[in-house]
Amino acid sequence: MTQHPDITRSPAHRRAARRAGTLSAALLAVVAVVGSAVLPASAAGPMAGHPPAGASSAPAAVTRTAPGDGAVHVSVTSISHPIAVPGDTVTVRASVTNTTDAVIDGAEAQFTVDYLALTSRAEIAAWSEAGLLDPVYGTGSTTTVPRLAPGASTTVSFTYDPGVQALQGFGARRLAISVGDASGRLGIARSFLMYDADGTERVPMKLSVLAAVTSPATDPADPSSAELELAQQTAAGQRLDGVLQVAEHNTVSLAVDPNLMGTAEASQDPELRDWYDRMLAAAGTTATFTLPDHDPDLAALAHAGVLSTGPRSFVRGPRAGVWEIPATWHTNFAWPADGTVPDVETLGLAVASGRDDVVVGAGGLAYEGVGTVTGRAEVATPAGTAHAVVTDEPLTEAFLAATDLSGADSTASAQESADTTAVTTASTATEGAQRLLAETAAVVSQAPYDPPSLSIVAPRSWTPDTDAAKAVLDTLDEAGWISPTTLDALFVQDAPEVARTPLPKHERAKAELAAADVKALEQARDAIVTFSSVAGEEHPVIWRPGVRRLIAPLAVARRADPGLREQVVQQVLQENDEITKSSVTVVPRQDINFITDVGNIPVRVRNALTVDATVTVVLRPDHPRLTVDERTTETVPAGQEMDVQVPVRAIGSGDVEVTAQVLTPTGAKINDDSTFQVRVRAGWEEVGTWIAAGLVALLFLAGIWRTVRRGRSPNRATREDVEEATGTAAEAPETAPATSGTPARP
């Protein structure tokens with residue numbers, strides 16, 4: 001079992017409780033009293049007894065005397081032969097840790113193995129869940145535990161020869177390592193010894209493991225934060241790095257959010273790009289299923305009755321970058337939120353959106369008979385049949401208890417959480433592997449010729465302890481009765497015709513986003529898509545980031561914090577309104593005088609977008625004395641203002657209130673109306689022209705009349721005045737020629 005610092009802690013569904021804890025003095029007293037009074041043979045002294053006949057096959061009869069943790073934490077850390085066969089000598093080691101504030105001295109560790117094979121999963125569960133003081137069975141050996149100071153640990157080791165007890169048959173045996181002193185039992189680890197006495201060939205059961213490649217919740221107001229958060233999650237030792245390492249090493253199916261891959265592929269961070277390349281390669285070697293982009297909560301969408309098909313469906317949201325899903329990946333896959341049983345309505349939405357292969361977990365569609373059947377079921381929905389893979393809950397819980405770091409410390413005190421950042425799993429890799437071997441052996445034993453196929457589905461929050469996960473999966477791979485496979489092999493199998501607990505028709509989970517909020521987000525999505533038409537061919541520049549913001553509150557990851565999710569909903573709705581209603585606006589203006597019969601009214605439009613906006617301006621007068629001839633469409637440059645001339649016609653005179661509207665090219669209203677006053681004076685332009693022309697004519701005539709009326713001016717100079725002034729006499733004019741009969745003068 002390894003430890004990793006700085007792993008994000010989050011609740012995990014049905015996590016096996018940590019057996020380590022601090023036992024108070026009162027509990028020690030109870031242990032001492034109850035242990036000596038109720039179970040002296042098993043709690044005080046050597047534990048070498050065995051239950052009466054039939055006890056091994058009837059675990060329900062075991063009395064729970066003192067469930068809880070002990071003063072020491074005991075865990076099995078290694079078993080030399082996970083699957084022992086005749087001739088093997090098995091070495092078992094365990095860690096013993098003092099979890100109290102007092103010194104523990106004089107304690108002994110006792111090792112026991114029961115010779116009876118467990119043949120049912122109920123027996124295995126009963127042994128695994130038994131309490132501190134519940135009995136142990138079989139014979140074994142003891143060893144002294146060194147003096148332990150508070151918080152100190154030590155290792156105890158035991159060697160066991162199965163041949164001594166002449167173990168028979170195939171299956172798991174109860175194995176226990178208990179620690180006690182004179183006061184009684186202080187701690188115990190319960191595990192299993194797998195033994196195959198006959199070596200019979202068995203038809204292996206198919207077992208698949210599904211892991212999620214999804215991103216945590218990010219801030220929709222800061223698009224760069226998604227890449228930063230993804231880089232942190234893919235860093236060495238973090239969740240997505242762990243998933244990648246397990247997928248590279250073992251047979252694990254993957255459920256991938258394509259938006260996450262788009263973000264990683266478009267990143268300039270070399271480490272994130274390296275993770276992307278490795279994940280793409282690992283996904284190409286196994287069965288990989290695609291979730292809807294951004295991993296929206298299908299149940300919330302279904303219960304709100306929103307669209308599941310078409311270009312405006314949240315199930316088909318735009319992803320980051322231009323990344324394309326590889327052709328070999330499965331795209332008809334749906335995975336409702338972890339931790340709750342999906343209802344028929346949710347599966348119906350999945351089928352309607354083309355995702356009819358569905359994972360059903362949290363105990364849904366449980367088999368109502370005895371034993372175990374293949375984890376496949378057909379579910380009829382109004383939209384068609386959903387092909388469901390039913391998660392095997394005991395296997396999943398055992399796997400997570402040994403490998404998941406995300407929620408193992410959920411039972412730790414606040415003080416413990418404050419004092420340390422280390423996170424460990426609830427059980428060791430050895431304990432987890434032995435539990436899984438025991439469970440699967442019991443399944444195969446019940447149907448040796450046609451064993452069922454089962455699946456382990458790790459939740460989206462699974463933060464693998466990579467060493468533990470690899471060790472567990474390697475052990476399962478080496479078991480002859482298990483055939484590790486991928487989830488697609490289970491989907492193609494026929495569903496057994498057996499009785500299963502039906503899914504509820506309509507059942508809303510408490511953690512779901514309210515239907516009113518989902519509908520508000522859908523309306524906002526319609527608004528941003530419609531508004532984006534103003535950008536023409538560049539419309540994706542507007543609607544793609546807008547829709548990505550609106551999908552953020554719908555992500556399954558947001559279920560972890562409903563209060564914060566509600567704040568995010570209001571935030572993205574407000575941002576959407578600012579884009580759709582405030583990016584393209586009419587600039588307010590003063591009242592206008594309109595004194596002609598036909599003309600244009602200028603409407604100033606402001607474009608705050610980073611792209612040119614093509615808009616249609618419509619004027620709506622409140623009186624017919626002013627009519628609008630037509631709508632005007634103009635393209636307003638990015639970040640600028642311009643006047644849009646709207647042709648109008650005046651029929652009468654008077655004041656008219658005009659409403660200006662800005663529409664998208666498709667005719668959708670962009671924002672609130674803007675109004676202004678127009679003083680209409682129909683015909684005044686023509687009358688004014690005639691008046692001006694008349695005034696000009698009158699002035700012209702008046703000038704002529706004035707000139708004629710005054711005549712020659714008395715101040716005008718005569719010829720004589722000129723001669724006198726210059727001193728010259730005017731020459732006499734020539735004599736006119738004599739007329740006939742008149743002699744000329746000499």
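A nonpolar core is a set of buried Ala, Val, Leu, Ile, Met, Phe, Trp, Tyr and Cys residues joined through side-chain atoms within 4.5 Å. The model on screen is predicted.

**Cores**

Start with Leu521, Val584, Ile601, Val615, Leu619, Leu626 and Val678. These residues have the most contacts inside the largest nonpolar core, which has 69 residues. Next select helix α16, residues 515-531; with six residues, helix α16 gives the most to this core.

Now centre on Ile601. Leaving aside residues up to four places away in sequence, Ile601 touches Ile592, Phe594, Leu619, Leu626, Val644, Gln645, Val646, Val648, Phe676 and Val678.

Then move to Leu260, Trp323, Ala402 and Val444. They are included in a second, separate core of 64 residues.

**Salt bridges**

The whole structure contains 20 salt bridges. Side chains of opposite charge can pair when their charged atoms come close.

Is each partner buried or partly exposed? Asp338 is partly exposed at 28% relative accessibility, whereas Arg460 is buried because its relative accessible area of 7% is under 20%.

Go on to Glu512 and Arg508, whose side chains form a salt bridge at 4.0 Å, N to O. Glu512 is buried, with a relative accessible area of 3%; Arg508 counts as partly exposed at 41%.

The next pair is Arg606 and Glu641, joined by a salt bridge whose closest N and O atoms are 2.7 Å apart. Arg606 belongs to strand β20 (residues 598-607) and Glu641 to strand β24 (residues 641-650), so the bridge ties together parts that are 35 residues apart in sequence. Both ends are partly exposed, Arg606 at 34% relative accessibility and Glu641 at 33%.

**Surface patch**

Finish on the surface with Phe700, Leu701 and Ile704. Together they form a nonpolar patch with about 320 Å² of accessible area. Leu701 is placed in helix α19, residues 684-710. Leu701 counts as exposed because its relative accessible area of 52% is over 50%.

Definitions and conventions
Residues numbered from 1 in each chain as written. Predicted model: local features only at pLDDT ≥ 70, side-chain atom pairs only at ≥ 80, totals over all residues. Heavy atoms only, no water. Patch = residues over 30% accessible without salt bridge, like charges linked within 9 Å, V, L, I, M, F, W, Y side chains within 5 Å. Areas by Shrake-Rupley, 256 points an atom, 1.4 Å probe, with all protein chains shown as cover. Helix = DSSP H or I, 4+ residues; strand = E, 2+ residues; numbered from the N terminus. Buried < 20%, exposed > 50% of the residue type's maximum accessible area, 1.4 Å probe, protein only. Contact = heavy atoms within 4.5 Å.
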